[in-house]
There are 2 protein chains.
Amino acid sequence: MRLRVRRVGMQQKLGKWSLRFTEAPFILESSSVVGTKEADGPLGGLFDIVGKDDRFGQNTWEKAESSMQRDALTMALGKAHLDASDMDYVFAGDLLGQSMATTFGVENFRIPWFGVYGACSTCGESLSLAAAFVAAGYARHAVAVTSSHFGSAEKQFRFPNQYANQRPVSATWTVTGSAAFIVGSGAGGNEIQAVCDNADSISRKVQIEGITTGVVVDYGIKDAMNMGAAMAPAACELIVNHLSDFGRKASYYDRIVTGDLGSVGQKILIDLCRQKGVDISKNHEDCGMKMFDATNQNTGSGGSGCACSATVLSAYYLPKLRSGELKRILFVPTGALLSPVSFNEGESVPGIAHGVVLEAVI
Amino acid sequence: MRLRVRRVGMQQKLGKWSLRFTEAPFILESSSVVGTKEADGPLGGLFDIVGKDDRFGQNTWEKAESSMQRDALTMALGKAHLDASDMDYVFAGDLLGQSMATTFGVENFRIPWFGVYGACSTCGESLSLAAAFVAAGYARHAVAVTSSHFGSAEKQFRFPNQYANQRPVSATWTVTGSAAFIVGSGAGGNEIQAVCDNADSISRKVQIEGITTGVVVDYGIKDAMNMGAAMAPAACELIVNHLSDFGRKASYYDRIVTGDLGSVGQKILIDLCRQKGVDISKNHEDCGMKMFDATNQNTGSGGSGCACSATVLSAYYLPKLRSGELKRILFVPTGALLSPVSFNEGESVPGIAHGVVLEAVI
């Protein structure tokens with residue numbers, strides 16, 4: 001028995017960097033889990049789960065991060081009235097060496113796993129692949145998961161917390177959190193959405209209209225305390241490529257939302273885009289700047305980490321799309337590609353960004 | 001202008017773990033790069049590029065690994081008479097923390113990059129995703145790249161080389177190497193194949209008929225010097241799931257080829273499969289056992305690392321498929337999911353495996 005399938009040919013490829021899904025998949029449900037500092041920030045009331053402390057019942061930061069992934073995935077499935085066995089694939093990764101938070105985060109769900117790595121842009125990469133698999137008919141449901149933890153990230157990339165290293169203004173603060181996004185085709189989504197959402201938000205669903213995939217962009221930045229500067233060129237290139245591929249102006253989007261450039265990186269991004277003839281000064285926002293109150297929370301340039309863009313998308317932007325306050329956003333998680341080894345060997349810190357077009361539809 | 005595309009629905013999903021591509025993509029070309037010890041092994045004469053030493057002109061092991069990726073990608077493109085700009089996507093990753101060899105390996109090619117992590121199963125994961133993207137019409141060409149390096153891996157996971165730590169018989173030897181695989185649709189492949197291959201091998205092309213995706217399998221192994229035992233349960237589960245999804249017996253395949261179980265892992269795998277009623281004792285081979293002469297090269301249980309299965313596939317199995325000596329193989333790269341941190345914190349070493357069906361067609 002050989003199943004017949006038409007190959008769709010090259011039609012979905014748009015320009016050099018992008019895919020547009022004609023029958024676009026939907027983000028059916030999502031969830032966000034954060035630590036205590038995030039809960040104390042401006043978005044604190046919006047997250048689904050807040051830890052009593054940042055250990056999440058575990059005895060290491062790494063296990064705490066895995067625990068957050070389990071909580072996020074479990075809650076997203078619960079919201080969508082689906083089981084792990086309904087998920088055809090999980091696309092998931094994190095910041096730690098060998099993606100350890102994810103290995104122990106996803107293992108008990110027994111969902112076929114494609115491990116991904118895009119540094120802090122991982123949410124964009126995993127959403128892109130989940131959307132592509134659903135749009136191609138390879139999956140009825142695919143789930144994208146990512147996480148980061150301040151404790152495990154500092155230990156991995158910087159100094160022991162006890163060392164109390166001083167941080168420059170350009171430094172960002174790794175978000176402790178995790179988010180999961182269930183991507184599905186429209187048919188299933190309609191019903192689920194109607195069941196799960198409250199009366200105000202039944203009317204709109206969030207579809208992934210297309211994706212733009214990033215290349216490694218290396219401006220030779222070597223300052224591991226200035227990730228915003230390392231990532232801004234990659235974000236700029238992604239945005240310019242995206243607008244070119246889709247034939248759009250920046251103003252087409254209600255918001256162009258980067259992941260974790262912070263206030264220092266935002267300035268660089270807006271300047272770089274201007275040099276390319278693209279004005280994003282009016283509609284650019286950055287998840288890292290949304291997450292914390294920089295003045296009172298002592299978080300430097302802003303939040304960062306895989307969980308930064310992921311939890312802010314789930315808790316802040318998706319509800320605004322569902323409610324109709326926003327019609328369409330270009331979501332651009334950003335990643336700084338460094339490791340402790342590459343940094344110690346004097347390598348630069350290249351950046352990458354992945355773009356996902358999110359649209360509210362009736 | 002909105003491009004019209006039919007969505008193919010769920011037809012390509014086969015069973016719970018697998019996809020079968022009705023119009024299957026092809027491995028158009030591939031290349032392999034290895035170090036000196038690999039060149040001294042039984043397959044030494046088959047690899048495309050052999051380093052004069054294991055530094056590949058660089059001053060660190062990590063940069064040497066990136067250099068091998070560049071060599072592998074450049075040579076595969078050359079063989080296929082294609083440019084980097086002809087590649088719609090690169091799916092690539094490695095063993096190092098934050099996939100550093102890949103970041104600096106792929107950056108200058110400026111191909112949209114999806115970073116992947118599957119430990120030593122990465123070749124299976126990247127080939128799976130490249131095939132899925134080509135089969136869906138998302139890409140005309142996608143390239144899968146991976147690498148490992150004995151020096152960078154020992155430094156990352158075990159002890160300084162100078163420490164001269166003793167190794168148990170169950171330990172494997174990380175392969176220094178890299179391989180790249182250009183996946184494309186049939187149409188392009190026909191012409192390219194005819195141009196590139198010599199007269200003996202024009203007749204057969206290698207298609208990726210389908211894929212089976214692995215889950216994390218954790219038997220609680222905590223011995224970082226016995227990766228074969230950690231990965232064998234994942235390989236067993238992958239093979240059993242694959243045969244169930246495709247409705248096949250193990251004997252359907254000329255070879256079932258795991259990545260780097262080594263001789264210790266092979267015994268465990270054959271026993272585990274037998275317990276599930278599957279006999280692979282006659283047609284199982286392991287790339288790790290092919291790579292080195294265990295007796296004379298002091299490599300313990302066999303070769304390992306992302307490059308092990310990747311270079312052996314490129315240099316040994318693909319030519320056998322092209323020549324018609326083999327008709328079909330189930331290629332199952334295997335990965336041990338550990339990090340230095342997880343190991344030091346006493347975590348177990350779960351395994352994963354990804355299956356790719358390779359078929360020789362006229």
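**Surroundings of a serine, and the interface**

Modeller: Leaving aside neighbours within four places in sequence, B:Ser66 is in contact (heavy atoms within 4.5 Å) with B:Met100, B:Ala101, B:Phe104 and B:Gly105. This is a predicted model, in which local features need pLDDT of at least 70 and side-chain atom pairs count only at pLDDT 80 or more, whereas totals for chains, interfaces and linings use all residues. Residues are numbered from 1 along each chain as its sequence is written, chains are lettered from A and ligands numbered from 1 in the order in which they are written, and side-chain values use heavy atoms, with hydrogens and water left out.

Biologist: Is B:Ser66 buried or exposed?

Modeller: B:Ser66 lies in helix H2 (residues 61-79) of chain B, where helices (H or I, at least four residues) and strands (E, at least two) are DSSP runs numbered from the N terminus. Buried means under 20% relative accessible area, exposed over 50% and partly exposed in between, with a 1.4 Å probe and protein chains only. Because its relative accessible area is 4%, B:Ser66 is buried.

Biologist: How many of the 8 residues of helix H5 (residues 150-157) of chain B are buried?

Modeller: The buried residues of H5(B) include B:Phe150, B:Glu154 and B:Phe157. What covers the buried residues includes helix H12 (340-344) of chain A, together with elements of chain B, among them H2 and strand E7 (141-148). Helix H5 of chain B is thus mostly covered, and the number of its buried residues is 7.

Biologist: How many salt bridges are there between chain A and chain B?

Modeller: A salt bridge is a side-chain nitrogen of Lys or Arg within 4 Å of a carboxyl oxygen of Asp or Glu. A:Glu237 forms one with B:Arg110, the closest N and O atoms being 2.1 Å apart. Between chain A and chain B, the count of salt bridges is 4.

Biologist: Through which surface do the copies meet, and why?

Modeller: Superposed by least squares on the C-alpha atoms of residues with pLDDT of at least 70 in both, chain A can be laid on chain B with an RMSD of 0.0 Å by a turn of 180 degrees and a shift of 0.0 Å along the axis. The two copies are thus related as by a two-fold rotation axis. In contact are 84 residues of chain A and 84 residues of chain B. Because 100% of the interface residues of chain A are also interface residues in chain B, the copies meet through the same surface.
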